[in-house]
Structure formats: structure tokens, C-alpha cells
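Subject: Handing over the structure

Dear colleague,

I am passing on the structure that we spoke about, and I would be glad if you kept it open beside this message. My notes on what was found in it follow below.

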Amino acid sequence: MDSTVIKTERLSKFYGSEKALDNVSIEINKGEIIGIVGPNGSGKSTLINILLGLRKPSSGNFTILGSTSPDTIQSQIGVVMDQSCFYLRVSAKANLVISAKTKGVGEERVEELLKLVGLDHTGAKRFQDFSYGMRKRLEIADALLTDPELIIMDEPTNGLDPQGIIFVRNLIRQFKEEGKTVIIASHYMEELEKLCTGIIFLKDGAVALQDTTENLLRDHFSIEKAFTSTIY
Ligand SMILES: Nc1ncnc2c1ncn2[C@@H]1O[C@H](COP(=O)(O)OP(=O)(O)OP(=O)(O)O)[C@@H](O)[C@H]1O
């Protein structure tokens with residue numbers, strides 16, 4: 001079986017005359033946990049949005065889970081990007097039940113996920129009264145409803161308390177054990193060093209370096225040092 005989960009060929013994206021992505025060619029295989037790192041404005045979100053079908057590339061091609069149109073394989077991709085829309089006046093459970101129905105998933109999965117993300121005791125509390133961390137946990141549960149094989153997370157621990165950070169890190173370790181493929185865009189290099197099997201450095205929209213975490217640590221001692229010598 002083909003183990004390629006994502007393959008991009010010379011992907012570029014212009015916003016007007018501004019080049020946000022510059023000939024990005026990457027390959028990500030099943031079971032890899034890949035960190036995407038780069039300065040603000042280096043193209044991380046643009047790349048993710050193109051892979052999710054939310055933006056069209058100006059040129060280049062890509063496949064994601066063997067498909068050239070991400071819209072058709074949405075149930076196989078879990079997305080955590082602080083962009084989920086939930087009903088403000090209903091509980092975590094009610095929100096997940098609604099989402100599960102839309103996605104054709106049974107209600108038993110809702111109970112399972114509420115427990116997994118630690119929201120099983122929130123009862124009737126409404127989404128609008130949730131803390132940021134609770135909202136993030138609900139977004140993660142929602143992303144996992146269809147048991148996706150590819151999970152894409154943009155700054156998954158940003159704004160979380162220490163307990164929330166540990167929770168997300170352990171969850172990513174669990175994904176790794178389950179053989180899922182995970183892409184994490186993050187500025188927290190220590191975190192990526194602990195979790196990722198490989199790192200992609202973006203600079204000015206282009207891939208400045210892609211390598212395994214093992215190789216980067218051998219050559220640079222830390223992802224931060226690898227980043228500094230690659231980007232500056
Ligand atoms: N909708 C848009 N319209 C115009 N320019 C955009 C748009 N979205 C992004 N850009 C530009 O494209 C470039 C890449 O932005 P992008 O958001 O992909 O970077 P990023 O690496 O995700 O940044 P950050 O770390 O700040 O989230 C930036 O110069 C940004 O200003």
C-alpha cells in the first residue's frame with residue numbers, strides 16, 4: 001500500500017502580487033508526526049489552508065490521502081485550527097451530538113470523546129460560558145469524531161494551561177502509537193522536538209529545510225539551533 005499521505009509539487013500561492021508560498025514540494029508519509037515551523041508570515045497557514053481545500057494554489061499540484069480534492073475526503077481529516085463553529089447556547093455534548101449527526105457518526109462516539117478530552121463533567125454548561133481551554137478541548141473532540149487518519153493542528157497548545165498542554169501532548173503521542181499521521185504548525189520548538197518525527201522549516205513561503213527530528217538533533221543539538229541556523 002502507498003504510504004504517502006501528502007505530496008505537494010511546486011505549490012505556490014500569490015495574494016495579489018505577494019508571494020505567500022514559493023514552490024513548496026514536500027512529502028509526508030503515514031505515521032509521521034510533522035512539525036511545520038517558520039517565522040510569522042512564512043506561509044504555514046496558507047499551506048495548511050491549501051491542503052484542506054480552503055484556498056486554491058496559484059500553481060502546483062498536491063494530493064492528500066490519495067485525493068486531489070480535499071473536499072471529498074473531509075471525514076478522513078481532523079482539523080484543530082481555532083476555527084470551529086459551535087452553538088453558543090448549548091452544552092459540549094449537544095454540540096458534539098449535532099456535529100456527529102452532520103458527519104454521520106453514532107452518539108456513542110460522543111460519550112467516548114467527551115471523556116477523552118475531559119469534558120464529560122461539564123453537564124449543561126453552555127459553550128458560551130466555556131474557558132478557552134474548554135473550547136479547545138471541544139474542538140479536538142469534534143475533530144476526532146470520524147476517527148480521522150490524518151490530523152492537522154495549528155498551534156494546538158497555544159493559550160492552554162499546563163494541564164491542557166500535557167493533555168494535548170499526550171494525545172499526540174497516542175495518535176503516534178495508533179499510526180495516525182499528524183501535522184502540527186507551531187512556534188514551540190521544544191514541543192515539536194519532543195513530539196515530531198520530522199520538521200519542515202518554512203521561510204518566505206519556501207521550504208528552507210525538511211529533515212527527520214533525529215537528523216536535525218544529530219546535526220544541530222536542538223530544533224531551536226537548527227531553526228536559527230536555517231532561518232537567519
Ligand atoms: N487572505 C490574505 N490576503 C492577503 N495576504 C495574505 C492573506 N493570508 C495570508 N497573507 C499573506 O501571506 C503570507 C503568509 O501568511 P500565512 O498566514 O500563511 O503565514 P503564517 O506562517 O501562518 O504566519 P503566522 O505565524 O503569523 O500565523 C503573509 O505575508 C501574509 O500577510
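Two strands are said to pair if DSSP finds at least two bridges between them, where strands (E, at least two residues) and helices (H or I, at least four) are DSSP runs numbered from the N terminus. By that rule, strand β4 (residues 33–37) is joined to strand β9 (residues 198–203) by four bridges, and the two run parallel. What you have is a predicted model, in which local features need pLDDT of at least 70 and side-chain atom pairs count only at pLDDT 80 or more, while totals for chains, interfaces and linings use all residues. Residues are numbered from 1 along each chain as its sequence is written.

To stay with β4 for a moment, this strand is also joined to β8 by four bridges, again running parallel.

How many residues of β4 are buried? Taking a residue as buried if 20 or more other C-beta atoms, placed from the backbone, lie within 10 Å of its own, as exposed if 12 or fewer do, and as partly exposed in between, five of its five residues are buried. In a regular strand the side chains alternate between the two faces of the sheet. In β4 both faces are covered, with Ile33, Gly35 and Val37 on one side and Ile34 and Ile36 on the other.

For what follows, two residues are in contact if their C-beta atoms, placed from the backbone, lie within 7 Å, and axes are lines fitted to C-alpha atoms, for helices over the stretch in contact, with angles running from 0 to 180 degrees between N-to-C directions. Within α1, the residues Lys44, Thr46, Leu47, Ile50 and Leu51 are buried, and what covers them includes β1 (4–15), β2, β4, β5 (59–64), β8 and β9. In α4, where Leu144 lies, that residue counts as buried because it has 21 C-beta neighbours inside 10 Å. Leaving out residues up to four places away in sequence, Leu144 touches Gly78 and Leu113.

Which residues are around the ligand? Counting a residue as near if its C-beta atom, placed from the backbone, lies within 6 Å, they are Tyr15, Glu18, Ala20, Gly38, Asn40, Gly41, Ser42, Gly43, Lys44, Ser45 and Thr46. The elements that give two or more residues to this shell are β2 (18–24) and α1 (44–51), and α1 gives the most, with three.

As for the whole protein, the secondary structure comes to eight helices and 10 strands, and 37% of the 232 residues count as buried.

With best wishes
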